[in-house]
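Subject: Handing over the structure

Hi,

Here is the structure I said I would pass on. Have a look at it first, and then read on for what turned up when I went through it.

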Amino acid sequence: MIHKVLSFIHKKHMINTGEHIMAGVSGGADSVALLLILEQLKQELAFTLSAVHVEHGIRREDSKADALFVRKLCERKQIPFLLYEGNAPAFAKERGLSLEEGAREMRYDFFRQARKEMGRGKIAVAHNQNDSAETLLFHLIRGSGLKGLSGIPAVRSDGRKDVFDILSPDLSGLKELSGDLPLGGEIIRPLLCLSRPEIEEYLAEIGQEYCTDMTNAKNDYSRNKIRNQILPLLQEINFQAVSHLNQVAEMMGETQAFVKKHVNEAKLRHVKMKYETQTVTDIFVKTDKKQQGHENKNVNEGFLSEQIQKEEHFLQSHVVHSFLEDCTHSAKDITKSHIEAVLALLDKQTGKRIALPYGLTARRDYGGIWIEKSIETAGDLESKKNPLLSGEKKTEKSPPYGANIKSENTVFSYEMKPNTKLYLEEENLILSTRLLEKEDWEQEFFPLNKKNIENFDKIFKKTYTKAFDYDKIKSIVCLRKPQAGDYLVIGHEGNRQKLSRYFINQKIPAAQRGDYLLLAEGSHILWIVGQRRSEAGRVSEQTKRVLLISCCLKNLTHGGNT
């Protein structure tokens with residue numbers, strides 16, 4: 001059996017020469033076997049080994065006895081032993097998690113600490129083929145896609161979540177666990193090539209004792225029911241049921257990898273996360289202050305193009321699922337109904353929206369769908385009669401620009417004096433102004449002759465820097481947000497257009513209009529930052545002084561287009 005595990009480690013490229021492996025050992029059969037097998041292989045594979053035991057504070061005296069057992073085993077084998085004691089019930093309550101989820105999150109926090117103390121390394125856990133078969137059955141019963149039917153991966157190297165990372169009885173006796181792995185390194189499972197009977201037979205042959213978690217015999221959890229009742233019945237029908245289920249899981253894993261490749265390619269075409277498109281123009285896309293402190297504070301936001309409809313429905317569904325997972329960091333509560341509801345929204349009119357898990361809202365907009373944080377609390381969303389298919393107006397919706405300007409907009413105002421630089425910490429924004437005499441301008445840029453003036457915008461191609469005839473500006477220039485009465489001068493005839501009409505013509509969502517950055521001279525808008533400028537104040541042949549105003553995000557590089 002040692003050779004079987006060795007071959008599996010080589011096949012899955014689990015351990016490299018010189019690495020340190022920390023085995024998670026609860027004292028149960030699987031984890032004890034894992035520790036002893038790794039102890040026998042450490043010289044041949046040239047790695048160092050230690051054991052990590054987490055006492056969760058759940059099973060009281062039995063749990064403490066398990067910790068003592070593991071300590072003595074490590075002392076006998078001269079294996080470094082790390083013990084971490086926690087209070088999983090308190091940990092879970094504090095974070096609003098179930099006991100199972102809290103225990104798992106706490107345990108991996110300790111694993112992270114152990115990796116830091118030992119100079120990093122890999123964590124080896126003792127899941128076996130029976131665990132993987134149980135995982136597949138659990139997901140199959142509750143309705144899962146390809147990812148859920150892939151069983152338990154042998155190596156998890158990207159720090160992301162496992163499909164359903166069950167906690168085998170060898171780590172705590174807790175079963176139904178899911179969520180993110182808070183580790184940047186690898187999780188390896190060398191025993192996934194072995195069945196539970198093989199492991200127990202190995203321990204019997206070498207006369208090695210182990211601890212028994214009596215909670216494993218109770219059918220309080222769905223995982224235990226599958227383990228103790230359903231899987232034995234399947235093995236009565238076919239004694240190779242566990243092996244066959246693992247073969248299916250492996251095939252599903254390969255299929256999932258193939259599908260994921262094509263999904264990622266489609267996401268590049270049709271999905272943009274907010275953090276990927278952050279520019280000065282996009283700075284208005286912010287979290288409303290009403291949302292702070294709610295459960296949705298850690299989610300991402302993004303945009304799904306309506307061009308996704310050109311893809312096959314199968315690919316559409318997987319792209320939406322992956323997109324929502326990127327937004328929420330979890331696939332746990334995302335169902336087929338949510339995915340279909342998002343796709344159905346593409347056939348609705350602009351402004352329609354649906355509620356999604358984790359305090360998110362999908363909103364139909366020009367060109368596609370925004371997935372964004374909802375202003376309502378979770379309780380508000382749950383109280384809707386049909387949260388998946390609702391297209392009703394939200395009374396909490398931000399008013400259209402011009403109807404009820406938010407008071408914050410009158411507070412956000414910064415005077416733009418010549419030859420100054422201003423850093424707005426809250427906005428992460430750098431503003432700078434330069435006042436140039438005509439001779440200085442022509443020496444640095446180009447002559448202000450008739451030909452250059454007629455082609456000024458083509459020559460001076462800078463999205464976030466604009467030039468103004470300083471002597472045509474009669475009032476104080478401020479950087480601020482929109483206010484009632486704002487207007488642009490359009491055309492050389494000096495015609496005016498209300499700013500609200502400009503926003504409507506540009507199909508800018510009403511909820512976002514009030515947060516645009518403007519360069520204003522009273523109610524006259526000289527420049528909608530990153531977009532259109534007023535025709536008034538343009539540089540001409542008669543210009544004597546040029547005011548240059550630049551605006552950029554502190555961490556954003558625009559190259560020559562600033």
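A word on pairing before anything else: two strands count as paired if DSSP finds at least two bridges between them. By that rule β9 and β10 are a pair, antiparallel, with four bridges between them. Keep in mind that this is a predicted model.

First, the overall numbers. The chain has 562 residues, and 49% of them count as buried. There are 18 helices and 21 strands. Among contacts with a separation of 6 or more, 73% are between residues 24 or more positions apart.

Back to β9 and β10. Ile-354 has Ala-362 of β10 as its bridge partner. Three residues sit between the strands of this hairpin, and Tyr-358 there has a positive phi near 65°. β9 is covered on both faces: Arg-353 and Ala-355 are buried on one side, Ile-354 and Leu-356 on the other.

Now for α10 itself, residues 313–328. Quite a list of its residues is buried, including Leu-315, Val-319, Phe-323, Leu-324 and Cys-327. Just after the helix, His-329 takes a positive phi of about 65°.

α10 also meets α9 (residues 241–270): the two axes come within 9 Å and cross at roughly 75°. Angles of 65 to 115 degrees count as roughly perpendicular, so α9 is roughly perpendicular to α10. On the α9 side the contact is made by Val-259, His-262, Val-263, Ala-266, Lys-267 and Arg-269, and on the α10 side by Phe-314, Leu-315, His-318, Val-319, Ser-322 and Asp-326. Sorted by class, that contact has six nonpolar, three polar and three charged residues.

Next, the open sheet. It has six strands in the order β3-β2-β1-β4-β6-β5, with mixed pairing. Which strands stand at the edges? They are β3 and β5 (155–156); each has a single partner strand, so one side of each has no neighbour in the sheet. Helix α5 (residues 99–117) packs on this sheet and touches β1, β2, β3, β4 (122–124) and β6 (187–188), with its direction at about 140° to that of β3. Within the sheet, β1 (residues 20–24) and β2 (residues 48–55) run parallel and are joined by five bridges. Ala-23 is opposite Ala-51 of β2.

β17 (residues 487–490) and β18 (residues 495–498) pair antiparallel over four bridges, with Val-489 opposite Arg-496 of β18. Four residues lie between these strands, and Gly-491 in the turn has a positive phi of about 75°.

Gln-78 has a positive phi of about 55°. Gln-78 lies in the loop between α3 (61–77) and β3 (81–85). Is Gln-78 buried or exposed? Its relative accessible area is 70%, and exposed means over 50%, so Gln-78 is exposed. Lys-507 has a positive phi near 60°, and its place is the loop between α17 (499–505) and α18 (510–513). At 49% relative accessible area, Lys-507 is partly exposed.

Lys-507 also turns up in the surroundings of Tyr-366. Leaving out residues up to four places away in sequence, Tyr-366 touches Phe-303, Thr-350, Lys-507 and Ile-508. Tyr-366 is in the loop between β10 (360–365) and β11 (368–373), and its relative accessibility of 36% makes it partly exposed. Tyr-366 and Pro-509 are 143 residues apart in sequence, yet their C-alpha atoms are 8.2 Å apart in space.

Cheers

Notes
Residues are numbered from 1 along each chain as its sequence is written. This is a predicted model: local features need pLDDT of at least 70, side-chain atom pairs count only at pLDDT 80 or more; totals for chains, interfaces and linings use all residues. Side-chain values use heavy atoms; hydrogens and water are left out. Helices (H or I, at least four residues) and strands (E, at least two) are DSSP runs, numbered from the N terminus. Buried means under 20% relative accessible area, exposed over 50%, partly exposed in between (1.4 Å probe, protein chains only). Axes are lines fitted to C-alpha atoms, for helices over the stretch in contact, and angles run from 0 to 180 degrees between N-to-C directions. Angles under 35 degrees count as roughly parallel, over 145 as roughly antiparallel, 65 to 115 as roughly perpendicular and the rest as oblique. Contact means heavy atoms within 4.5 Å. Ala, Val, Leu, Ile, Met, Phe, Trp, Tyr, Cys and Pro count as nonpolar, Asp, Glu, Lys and Arg as charged, and the others, Gly among them, as polar.
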